[in-house]
Amino acid sequence: MSDPSQQEDLGRDELVDAGLDRVELRDNLNRVLREVDGVTDLYDARPTALAAVTAVATRLTGRPPVEPVVVASSREGLTVSVSLAVSENLPAADTCRRVFDVVHDFVAAHAPEDTLRAVRIRVSRIG
Amino acid sequence: MTHSEDAGGRSVDPVALDADLDIIEVLTDYLDRGVDPPRELLDGSPAHHLALDALVRFRRVTSVLLTEDIAAEPERDDGWVATILANIHSEARAGRSIPLAHPSSIADLSMSEGAVRGLVRAAGDAVSGTLIGACRLEGDVTDPGAPITVAVEASVFWGERIPATAEHIRAAVESALLLHTELNVVAVNVTVTDVHLRRTEQEGR
């Protein structure tokens, strides 16, 4: 069985010729997004089935757990996927938009602007 | 550590939970022991987190119900306790994707239906003397602006004024949805399905 977390590493060399590569970008986003006002947790943003397979592969290989934020690449550019838990003390939709802004600005600051193809943010829990 | 252990020391694979394990039973085992479920169990899925939140509230409220009321449960599969626990389990699942607006063409923002159901349940449970039994979002939540009706079933404690309590639940749910979502909620319908006896102070000792 191929390791999905290895698959995620494919193509990193073709990424971001200035600033961070994709793995560094993912790791930094995992750190930065936890500090966004209203964000209380991050979940694995992969589709449920793939997240489960990844978790099995991680367990079998003894590798550390994968970071929840997903940065995927294709010829069209980067896609960033995030699944969030947010505080009930701030409007959840606003927190979601704030996270988008942080992702957008962070990628723009550390990678060429035209490489960002899509940013998928999902609020998975409130409170 | 990649596996958790339940109250009986059995190995619990977080990955398998959604597929064939009863997450409510697993979480109940931890709560019965008075220990927090392991982080890896909760990080594995927001559904596990939502179920735990609802279960903790459920146990807090039912702790003040008469023992006889709970003991009167005829069958685990038929009683109100089992029904609520089953609903907590099913409602915690992610469900449909509810879009959130953003002017950027590259933004794909959404809220899971499970997150919204968890919000509704939490808002209702917060009303004193009540317990939410079930909640449903009726209408096409995937279509921005589509009219949505929220159907809530609730239990109330004996002695509560049912119309006033139902109105408090409705107002709390509406307020939470207005604050956190962009749903076009046209109605919040609250149905009181059960009345339960409250444990007296002496019985509670």
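**Figure 1. The salt bridge between B:Asp108 and A:Arg120 in the predicted model**. The side chains of B:Asp108 and A:Arg120 meet in a salt bridge with an N to O distance of 3.4 Å, a salt bridge being a side-chain nitrogen of Lys or Arg within 4 Å of a carboxyl oxygen of Asp or Glu. This is a predicted model, in which local features need pLDDT of at least 70 and side-chain atom pairs count only at pLDDT 80 or more, whereas totals for chains, interfaces and linings use all residues; side-chain values use heavy atoms, with hydrogens and water left out. Residues are numbered from 1 along each chain as its sequence is written, while chains are lettered from A and ligands numbered from 1 in the order in which they are written. A:Arg120 also stands opposite B:Asp108 of S4(B) in the strand pairing, which is the topic of the next view.

**Figure 2. Strand S4 of chain A and its two parallel partners**. Strand S4 of chain A covers residues 116-126, where strands (E, at least two residues) and helices (H or I, at least four) are DSSP runs numbered from the N terminus. Eight of the 11 residues in this strand are buried, buried meaning under 20% relative accessible area, exposed over 50% and partly exposed in between, with a 1.4 Å probe and protein chains only. Strand S3 of chain A (residues 77-86) runs parallel to S4(A) and is joined to it by nine bridges, two strands being counted as paired if DSSP finds at least two bridges between them. Within chain A, A:Leu78 stands opposite A:Leu116 in S4(A).

**Figure 3. The interface of chain A and chain B**. In this interface, 28 residues of chain A are in contact with 32 residues of chain B, contact meaning heavy atoms within 4.5 Å. The size of an interface is often given as the accessible area lost when the parts come together. Here chain A and chain B bury about 2,400 Å² between them, with 59% of it on carbon and sulfur atoms; buried area is the accessible area (1.4 Å probe) that two parts lose on being put together, summed over both.

**Figure 4. The salt bridge between B:Asp53 and A:Arg125**. The side chains of B:Asp53 and A:Arg125 meet at 3.0 Å, N to O. This pair crosses between chains, from helix H4 of chain B (residues 46-62), which holds B:Asp53, to strand S4 of chain A, which holds A:Arg125. B:Asp53 is partly exposed, with a relative accessible area of 24%, whereas A:Arg125 counts as buried at 7% relative accessibility.

**Figure 5. Salt bridges within chain B**. B:Arg96 and B:Glu113 meet through their side chains in a salt bridge of 2.8 Å, N to O. The pair links distant parts of the chain, 17 residues apart, with B:Arg96 in the loop between helix H6 (80-91) and S3 of chain B, and B:Glu113 in helix H7 (residues 113-125) of chain B. B:Arg96 counts as partly exposed at 29% relative accessibility, while B:Glu113 counts as buried at 6%. In a second salt bridge, the closest N and O atoms of B:Arg136 and B:Glu138 are 3.3 Å apart; B:Arg136 is partly exposed at 39% relative accessibility, and B:Glu138 is partly exposed at 33%.

**Figure 6. The surroundings of B:Pro99**. B:Pro99 lies in strand S3 of chain B (residues 97-100) and counts as partly exposed, at 28% relative accessibility. Not counting residues up to four places away in sequence, B:Pro99 touches B:Leu109, B:Ser110, B:Val141, B:Thr142, B:Pro144 and B:Glu182. B:Glu182 is in turn linked with A:Asp94 and A:Arg97 in a network of salt bridges. B:Pro99 and B:Met111, 12 residues apart in sequence, are 6.4 Å apart in space, C-alpha to C-alpha.
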